[in-house]
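Student: Could we go through this one together? I'd like to begin with the strands and then move on to the charged side chains.

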Amino acid sequence: MSVQRIEILGVPVDVCPKTDLEQKILSLLEKQGPSQIVFLSIWDLLKAKRNAEYAECLQKADLILPISKSILKGAKSLKKTIPIRYNPFEASISILTTLENRYKSLYLFGARKKALIAAERNVQKTFRGLRIVGRYVGYYKKEAEPGIIQAIQKSSPSLVLQSEGIREKDLWFHQNREKFSTSIFMYYHDCIGIFGKRIRRINPKTFDRGTEIWGEIIRNPLKILLLIPFLWYKAMLMWVKIFKKD
């Protein structure tokens, strides 16, 4: 297994060949204590530059898979090892397949009730060797959180798949890490919605081109403002490249 951790502007990113992803997941299943997988976008990378807690979350994460082309271009610009870009949905399917082949278990956490129930049903049909040992909706009241944590503790799933409706996103596990003794935790906003057929997945060709942001801007024109932090990212890369401070 060859997984290398690099840093781009001080933010950790893992170089994980797709041929090594299965072995990496198996190693996380065997390690002592809980683990975290993060799908890192360019916006997440920029968030880590201004949010100390999120930066710490990434430092402690066990596997950080880049999902934005801009991260790969940043690594190339800084003459770092260029990471492998992952489509988060396809990576999720690969991870679930690895778990299914070894008769592991899954806990679904997030989304609205109808989407969650539909997702559970569709996951059971698709991954017949995978045991679903629990589920809980997103958009829950804060008072429900101790019960959710206890349910996950008792069911000890191999993977907790987190989705929309968890306000803290990746930080939810980071903030509660000490309360768990096992399980892999993975947050992917659209996953349960896609499995429940409530959200349409990004066209693979669009993802491969790296133009998925334009679809988001069409749906929400205010996202054109993301151009500002993106230009800041390019400026930081240029600064580091010139003055070699990375």
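Predicted model: local features only at pLDDT ≥ 70, side-chain atom pairs only at ≥ 80, totals over all residues.

Student: Which residue is the bridge partner of Val 160 in S8?

Tutor: Val 160 has Phe 185 as its bridge partner there.

Student: And what is the order of the strands in the sheet?

Tutor: The sheet is open and is built from six strands with parallel pairing, which follow one another in the order S4-S3-S8-S7-S5-S6. Its edges are formed by strand S4 (63-66) and strand S6 (131-136), each of which pairs on one side only. From one strand to the next, the twist averages 20°.

Student: Switching to charges, how many salt bridges does a search of the whole structure find?

Tutor: Such a search finds nine salt bridges, and one between side chains links Lys 31 with Asp 62 at 3.7 Å, N to O.

Student: Where do Lys 31 and Asp 62 lie?

Tutor: Lys 31 lies in the loop between helix H1 (21-30) and strand S3 (35-40), whereas Asp 62 lies in the loop between helix H3 (52-60) and S4, so the pair ties together parts that are 31 residues apart in sequence.

Student: OK, and which residues form the positive surface patch?

Tutor: That patch is formed by Lys 114, Arg 121, Lys 125, Arg 128, Lys 197 and Arg 198. Of these, Lys 125 has its place in helix H6 (residues 113-126).

Conventions. Residues numbered from 1 in each chain as written. Heavy atoms only, no water. Patch = residues over 30% accessible without salt bridge, like charges linked within 9 Å, V, L, I, M, F, W, Y side chains within 5 Å. Areas by Shrake-Rupley, 256 points an atom, 1.4 Å probe, with all protein chains shown as cover. Salt bridge = Lys/Arg side-chain N within 4 Å of Asp/Glu carboxyl O. Lys, Arg positive; Asp, Glu negative; His and termini not counted. Charge placed at Lys NZ, Arg CZ, Asp CG, Glu CD. Helix = DSSP H or I, 4+ residues; strand = E, 2+ residues; numbered from the N terminus. Pairing = 2+ DSSP bridges. Axes fitted to C-alpha atoms, helices over the stretch in contact; angles between N-to-C directions.
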